[in-house]
Amino acid sequence: MRTAVAGLCLLAVLAVAAPALAAPPSPRADRALERALDRLVEADGGPPGAVSVVQRGLDREVHTAGVAEVGKSRAIKATDHMRIASAAKAFVGATSLALAADGVLSLDDTIGERLPNLPAAWAPVTLGQALNHTSGLPDYSASKAFQTWLVNNLHAKIEHVALIDFVKDEPLGFTPGTQYEYSNTDNIVAGLMIEAATGHTYERELAEGVLSRLGLSQTSLPSGFRMPRPYFHGYDIDPPNPPDDYSEIASMSSLWAAGGIVSTPADLTRFIRGYVGRKLFPRSVQLRQFAFVKGESQPPGPGKNAAGMSVFRYRTRCGTLYGHTGNIFGYTQFMAATRNGKRSVTVSISTQLSRTGGARPAFKALRRAFLAGACAALARR
């Protein structure tokens, strides 16, 4: 397996609750996005395929470059399944914040209160701190023990609590609430707190509290390694070697709430518009969610990034959007929407790219595609 498992930072949608009138098309911005996608696919180390869904009001445009599968001519469709990587963290946030709005959970609930069997040193960490990565919890996916286990057990299923076992003897990295540090353990803990508060599985609360309410019929949280059909294939790119198909390389139980969700570009658009557009919880909850601190998503979103609770703010030269990114074996994601949920963009590609993983020309092209997508979503004409 050529891609470093540590690049696991797993761990972005398409249209709901549209306004009464469609925004006018913006040919110039759309053409700029198309060029950016073409250049991304053509870049050294770039993905075999890319797809972006831009929605302005009722007007939805799907832009593609490359192919859905190496050796085939079919382009990616907005209804093709894909792994959404760390964009799945926004779904944990959506579930948690909806439960907080209903009084089932509080953002001030602590690990000690909800999960007393976890390490005592972690007890002061609150749900809110886990959601905005200011918890100090050690990252299980960065653990050499986990990485070794994963390489040797790619298709095996693992219990959610067992993921924490890889770092249970490690102390907090800092006093909770004082720093920002991206950790996949944060979202495992959030998923477990959801289960402790409701008495139901996270999968059930996700399905009932988020997926059904937003009409996301093609989104799921599998525990195995198989992809639902149809899907666009994800690859490890390591020139001059031919691309390796990583679509079904690993069990999603090793990621769970930190990045295991499978969705489609169409569903992802519906999600981000509903999530940022407050279809799941009221403004009072969003105000707490939007208490931003210095921090960036992985890979970074366009413009200047800041971190909220399971959401990032992206201030660009074209305006401000809110959303999430992610990357995982074979896939990289970006999803964002305006605060009213009326304008949105998703960019999904078929390889894993980050600052530290993948070819630098491809990563630069990815950043340009993210910005072009944001500008297309915000374009007036």
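**Figure 1. Contact between helices α2 and α8.** In this predicted model, Phe 91, Val 92, Ala 94, Thr 95, Ala 98 and Leu 99 of α2 meet Tyr 202, Glu 205, Leu 206, Val 210, Leu 211 and Arg 213 of α8; contact means heavy atoms within 4.5 Å. Helices (H or I, at least four residues) and strands (E, at least two) are DSSP runs, numbered from the N terminus. Helix α8 covers residues 202–214, and its axis lies 9 Å from that of α2, at an angle of about 85°. Axes are lines fitted to C-alpha atoms, for helices over the stretch in contact, and angles run from 0 to 180 degrees between N-to-C directions. The angle makes α2 roughly perpendicular to α8; this term applies from 65 to 115 degrees, whereas angles under 35 degrees count as roughly parallel, over 145 as roughly antiparallel and the rest as oblique. Residues are numbered from 1 along each chain as its sequence is written, and side-chain values use heavy atoms, with hydrogens and water left out. Local features need pLDDT of at least 70 and side-chain atom pairs count only at pLDDT 80 or more, while totals for chains, interfaces and linings use all residues.

**Figure 2. Crossing of helices α2 and α9.** The axes of these helices, α2 and α9, come within 11 Å and cross at roughly 45°. The two helices are therefore oblique to each other. The crossing of α2 past α9 is left-handed, a term used if the near helix is turned anticlockwise from the far one by less than a right angle, with right-handed used if clockwise. From α2, the contact involves Ala 90, Phe 91, Gly 93, Ala 94 and Leu 97; from α9, it involves Leu 268, Phe 271 and Tyr 275.

**Figure 3. Nonpolar cores.** A nonpolar core is a set of buried Ala, Val, Leu, Ile, Met, Phe, Trp, Tyr and Cys residues joined through side-chain atoms within 4.5 Å. Buried means under 20% relative accessible area, exposed over 50% and partly exposed in between (1.4 Å probe, protein chains only). The largest nonpolar core has 76 residues, of which Phe 91, Tyr 202, Val 210, Phe 271 and Tyr 275 touch the most other members. Helix α2 (residues 88–101) supplies the largest share of this core, eight residues. Leaving aside residues up to four places away in sequence, Phe 91 touches several residues, including Ile 84, Leu 216, Thr 219 and Ile 261. A second, separate core of 32 residues includes Leu 40, Ala 43, Phe 334 and Val 347.

**Figure 4. Aromatic pairs.** The whole structure contains 14 aromatic pairs. One of them, between Phe 271 and Tyr 275, is stacked, with 5.0 Å from centre to centre and 20° between the planes. Rings of Phe, Tyr and Trp (its six-membered ring) pair if their centres lie within 6.5 Å; planes under 30 degrees apart count as stacked, over 60 as edge-to-face and the rest as tilted. Phe 271 and Tyr 275 both belong to helix α9 (residues 265–276) and stand four residues apart, about one turn of the helix. Both Phe 271 and Tyr 275 are buried. Ring pairs join Phe 271 and Tyr 275 with Phe 91 and Phe 281 in a cluster.

**Figure 5. Backbone geometry in loops.** Most residues other than glycine have a negative phi, and most peptide bonds are trans. The peptide bond from Arg 229 to Pro 230 is cis, with omega near -10°, and Pro 230 is in the loop between α8 and β4 (235–236). The bond from Gln 298 to Pro 299 is also a cis peptide bond, with omega near -5°. Arg 278, not a glycine, has a positive phi of about 60° and is partly exposed, with a relative accessible area of 31%. Ser 310 has a positive phi near 60°, but is buried, with a relative accessible area of 4%.
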